[in-house]
Amino acid sequence: MVNNMMFQVKKMRLLGLVLVAMMSVAIISCKKDSKDEPSYSINGNVSTPTWAVSDEFDMTSSMTVTTKVDLSISYASQAAATGWTVTADDLLAAFDGENCIGLAKAKDGLFYLFVTAPKSGSNVTLKYYSAKLKSIFRSEQTLVYRNDGTEGTVAKPYTPSWIISK
């Protein structure tokens, strides 16, 4: 009988250890796998940028980008909590390195961006300034500049995901 009780106690301890291990794995997995939003706030204190299109490029080469900015793709709950929407005071700029090669304001929730660049094949990065959030965001994706090219349409605008620009 003592042997049977010892066996039962060992069995209960083993079961307890297994349960603790399973719960630990579940908690760690949840933390690892969850796609929580970044811990920083999308509300900033950035003044309206003074971006200006560089005049050193040949304006005869161009690319048109119809872009929709949707911060809820990257910052769902924060965008909802702030009541964020695109406003007429928001700006979208295209950059080839440090050179501003396109600038637009929103019209009906879309940005119609006319982009000039020194040569085809340049990588174009987009930056978005939210007047409401007083923050600048950078697109995670880059566009490859194509002379006389287009990216996005009114029916299906280019919609990149965004990160806080440093």
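This is a predicted model: local features need pLDDT of at least 70, side-chain atom pairs count only at pLDDT 80 or more; totals for chains, interfaces and linings use all residues.
**Position and pairing of β5**

Strand β5 covers residues 123-130, and six of its eight residues are buried, so the strand is largely enclosed by the rest of the structure.

| Partner of β5 | Sense | Bridges | Example of bridge partners |
|---|---|---|---|
| β2 (residues 91-96) | antiparallel | five | Leu91 and Tyr129 |
| β6 (residues 135-139) | antiparallel | four | Lys127 and Arg138 |
| β7 (residues 143-144) | antiparallel | two | Val124 and Leu143 |

Strands β5 and β6 also form a hairpin with four residues between the strands. In this hairpin, Lys134 takes a positive phi near 50°.

**Aromatic rings and a charge**

A pair of aromatic rings is described by the distance of the centres and the angle of the planes. Five aromatic pairs are counted in the model. One of them joins Phe111 and Tyr128, with 6.0 Å from centre to centre and 75° between the planes, an edge-to-face arrangement. This pair links distant parts of the chain, since Phe111 belongs to strand β4 (residues 110-115) and Tyr128 to strand β5, 17 residues apart. Both Phe111 and Tyr128 are buried.

The charged end of Lys127 sits over the ring of Phe95, at 4.9 Å from the ring centre.

Conventions. Residues are numbered from 1 along each chain as its sequence is written. Side-chain values use heavy atoms; hydrogens and water are left out. Buried means under 20% relative accessible area, exposed over 50%, partly exposed in between (1.4 Å probe, protein chains only). Two strands pair if DSSP finds at least two bridges between them. Rings of Phe, Tyr and Trp (its six-membered ring) pair if their centres lie within 6.5 Å; planes under 30 degrees apart count as stacked, over 60 as edge-to-face and the rest as tilted. A charge sits over a ring if NZ of Lys or CZ of Arg is within 6 Å of the ring centre and within 35 degrees of the ring normal.
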